[in-house]
Every structure is written in structure tokens, then in C-alpha cells.
Amino acid sequence: MDRLIYRLGNMTLLETKHNKSIGNSDYPVKREVYRSSEFRITQSVAEHYDEWSEQKIDSRQKKMADIASSIWRFDIND
């Protein structure tokens with residue numbers, strides 16, 4: 001999992017106070033903290049992912065890319 005640490009799909013926003021308290025905890029611990037986050041995107045990680053694996057990270061990253069491309073469109077030929 002070390003090679004997945006900096007993948008966008010493995011990252012989420014978290015309040016400083018929560019981030020300091022969970023550090024490098026396992027996902028089940030983090031999931032409970034994510035549930036109480038003020039950020040909807042972080043709450044959704046806890047709601048939609050009962051486990052955290054390479055497949056889940058890839059899936060989330062693809063969903064994030066789809067959302068981003070629907071929001072920010074640009075023509076690379078300009």
C-alpha cells in the first residue's frame with residue numbers, strides 16, 4: 001500500500017484536529033473519524049467504502065476524475 005499513499009483516490013480532506021488524532025491509524029479507525037467530519041467528501045468515504053484497498057482507491061480515483069472532467073472542461077488544442 002505504500003505505493004498508493006500519494007494517489008489522489010487515497011486522499012481526502014480532514015480537519016486538523018481529527019488528522020492529528022488518527023495519524024497513520026488503520027482504515028477502520030479512520031472510517032469512524034471520517035463519519036464525523038464536517039466535509040461531505042470525507043463523510044462519503046466512510047459511507048461508501050467498508051474497506052480500503054487498492055481496488056477501492058482506484059475506483060474512487062476514477063469517480064473523482066469523472067467528476068472533475070465534468071466540472072472543468074478545456075480544449076487542449078487552443
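Me: What does Tyr27 count as at 11% relative accessibility, buried or exposed?
Reply: Let's start with the cut-offs: buried means under 20% relative accessible area, exposed means over 50%, and partly exposed lies in between (1.4 Å probe, protein chains only). Tyr27 has a relative accessibility of 11%, so Tyr27 counts as buried.

Me: What kind of model is this?
Reply: Residues are numbered from 1 along each chain as its sequence is written, and side-chain values use heavy atoms, with hydrogens and water left out. Local features need pLDDT of at least 70, side-chain atom pairs count only at pLDDT 80 or more, totals for chains, interfaces and linings use all residues, and the model is predicted.

Me: How many helices does the protein have?
Reply: Helices are DSSP runs of H or I with at least four residues, strands are runs of E with at least two, and both are numbered from the N terminus. From the N terminus on, the elements run α-α-α-α. There are zero strands, and the number of helices is four.

Me: What share of the 78 residues counts as buried?
Reply: The C-alpha trace spans about 45 × 25 × 20 Å along its principal axes. Within this protein of 78 residues, the share that counts as buried is 27%.

Me: Which residue forms a stacked aromatic pair with Tyr27?
Reply: Rings of Phe, Tyr and Trp (its six-membered ring) pair if their centres lie within 6.5 Å; planes under 30 degrees apart are stacked, over 60 edge-to-face, and the rest tilted. By this rule there are three aromatic pairs. In the stacked one with Tyr27, the centres are 5.5 Å apart and the planes 15° apart, and the partner is Trp52.

Me: How many residues apart in sequence are the parts that this pair of Tyr27 and Trp52 ties together?
Reply: Tyr27 lies in helix 2, while Trp52 lies in the loop between helix 3 and helix 4 (54-71). The pair therefore ties together parts whose separation in sequence, in residues, is 25.

Me: What is the angle between the planes of Tyr49 and Trp52?
Reply: Both Tyr49 and Trp52 are buried. Ring pairs link Tyr27, Tyr34, Tyr49 and Trp52 into a cluster. Tyr49 and Trp52 form an edge-to-face pair, with 5.3 Å centre to centre and an angle between the planes of 90°.

Me: How are helix 2 and helix 3 placed to each other?
Reply: Axes are lines fitted to C-alpha atoms, for helices over the stretch in contact, and angles run from 0 to 180 degrees between N-to-C directions. The axes of helix 2 (residues 27-35) and helix 3 (residues 40-48) come within 8 Å and cross at roughly 130°. Angles under 35 degrees count as roughly parallel, over 145 as roughly antiparallel, 65 to 115 as roughly perpendicular, and the rest as oblique. Helix 2 and helix 3 are therefore oblique.

Me: Which residues of helix 3 meet helix 2?
Reply: Contact here means heavy atoms within 4.5 Å. Helix 2 brings Tyr27, Arg31, Tyr34 and Arg35, and in helix 3 they meet Thr42, Gln43, Val45, Ala46 and Glu47.

Me: How many residues of this contact of helix 2 with helix 3 are charged?
Reply: Ala, Val, Leu, Ile, Met, Phe, Trp, Tyr, Cys and Pro count as nonpolar, Asp, Glu, Lys and Arg as charged, and the others, Gly among them, as polar. The contact has four nonpolar residues and two polar ones, and the number of charged ones is three.

Me: What is the relative accessible area of Thr42?
Reply: Thr42 is found in helix 3. Not counting residues up to four places away in sequence, Thr42 touches Thr12, Leu13, Leu14, Tyr34 and Ser37. Thr42 is buried, and its relative accessible area is 0%.

Me: What separates the C-alpha atoms of Leu13 and Tyr34?
Reply: Leu13 is found in the segment before helix 1 and is exposed, with a relative accessible area of 51%. Leaving aside neighbours within four places in sequence, Leu13 is in contact with Ser37, Phe39, Ile41 and Thr42. Leu13 and Tyr34 are 21 residues apart along the chain, and their C-alpha atoms are separated by 9.2 Å.
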